[in-house]
Amino acid sequence: MKKHIYDESNGLSYTLHGDYYLPDLAVNEEEPTYGKYGMLRKQFLKEHRPARYQYLLMTGELIAHLNRIDQDAREQVEIMMKQMAEKQGVTEQLKMQDLMKWVGMMNNIKACAEEIVLKEIIYL
């Protein structure tokens, strides 16, 4: 029996260990840098899309995917917050006049923007 074989159908190399051929898999030592939205996406994939999660994990694309989702979600939340604040008249002038009202409105705007992003980007 050959010590090393290559399977063209799935693109994996195998090494003979005892009586079994085991795939030559490399662990990606890349440090995860994703934030809140990347963690939420990872949890969603684990619970609701286990096949996709396993595929991303086995191909080494999981961390890149989570970083991309995290960055896209943060950018989208920021854009939506600016648009919503503008439409609702939340300005620096309001911030100077009534700080607590401004904080309450901005918290509400952020919660709405995050809810939309979670539904459209994270939980897909």
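Q: Helices in this model are DSSP runs of H or I that are at least four residues long, numbered from the N terminus. With that in mind, in which helix is the place of Asn 108?

A: The model is a predicted one, and in it Asn 108 has its place in helix α5. Asn 108 is partly exposed, its relative accessible area being 44%. Between the C-alpha atoms of Asn 108 and Met 96, which are twelve residues apart along the chain, the separation is 18 Å.

Q: How many helices and strands are there in the protein, and which pattern does the protein follow along the sequence?

A: The protein has five helices and three strands, and reading along the sequence gives the pattern β-β-β-α-α-α-α-α.

Q: How much of the accessible surface belongs to carbon and sulfur atoms, and what percentage of the residues is buried?

A: The accessible surface comes to about 9200 Å², and carbon and sulfur atoms account for 54% of that area. Taking buried to mean under 20% relative accessible area, one finds that 27% of the 124 residues are buried. Of the contacts between residues at least 6 apart in sequence, 52% join residues that are at least 24 apart.

Q: Which residues touch the most other members of the largest nonpolar core?

A: In soluble globular proteins, nonpolar side chains tend to be buried together. Here the largest nonpolar core has 17 residues, of which Val 90, Met 106 and Ile 122 touch the most other members. Two or more residues of this core come from each of the elements α3 and α5, and α5 gives the most, with eight residues. A second, separate core has six residues, among them Tyr 53, Leu 56, Leu 62 and Leu 66.

Q: Which residues is Ile 122 in contact with, leaving aside its neighbours within four places in sequence?

A: With those neighbours left aside, Ile 122 is in contact with Tyr 37, Leu 40, Arg 41, Phe 44, Ile 69, Ala 73 and Val 117.

Q: Which residues form a nonpolar patch on the surface?

A: Leu 25, Leu 57 and Met 58 form such a patch, and together they have about 290 Å² of accessible area. Met 58, whose place is in helix α2 (residues 50-59), is exposed because its relative accessible area is 52%, where exposed means over 50%.

Q: How many salt bridges does the structure hold, and which parts does the pair of Glu 114 and Lys 36 tie together?

A: The structure holds three salt bridges. In one of them the side chains of Glu 114 and Lys 36 meet at 3.0 Å, N to O. Glu 114 lies in helix α5 and Lys 36 in helix α1 (residues 36-48), so this pair ties together parts that are 78 residues apart in sequence.

Q: Where do Lys 82 and Glu 78 lie, and which residue forms a salt bridge with Asp 70?

A: Lys 82 and Glu 78 both lie in helix α3, four residues apart, which is about one turn of the helix. Their closest N and O atoms are 3.7 Å apart in a salt bridge, with Lys 82 exposed at 56% relative accessible area and Glu 78 partly exposed at 46%. Asp 70 forms a salt bridge with Arg 74, the closest N and O atoms being 3.0 Å apart. Asp 70 and Arg 74 are four residues apart in helix α3 (residues 62-88), so about one helical turn separates them. Asp 70 counts as buried at 4% relative accessibility, whereas Arg 74 is partly exposed at 46%.

Technical notes: Residues are numbered from 1 along each chain as its sequence is written. This is a predicted model: local features need pLDDT of at least 70, side-chain atom pairs count only at pLDDT 80 or more; totals for chains, interfaces and linings use all residues. Side-chain values use heavy atoms; hydrogens and water are left out. Patches are made of residues with over 30% relative accessible area and no salt bridge: like charges are joined within 9 Å, nonpolar side chains (Val, Leu, Ile, Met, Phe, Trp, Tyr) within 5 Å. Accessible areas come from the Shrake-Rupley method with a 1.4 Å probe; for residues, only the protein chains shown count as cover. A salt bridge is a side-chain nitrogen of Lys or Arg within 4 Å of a carboxyl oxygen of Asp or Glu. Buried means under 20% relative accessible area, exposed over 50%, partly exposed in between (1.4 Å probe, protein chains only). Contact means heavy atoms within 4.5 Å. A nonpolar core is a set of buried Ala, Val, Leu, Ile, Met, Phe, Trp, Tyr and Cys residues joined through side-chain atoms within 4.5 Å.
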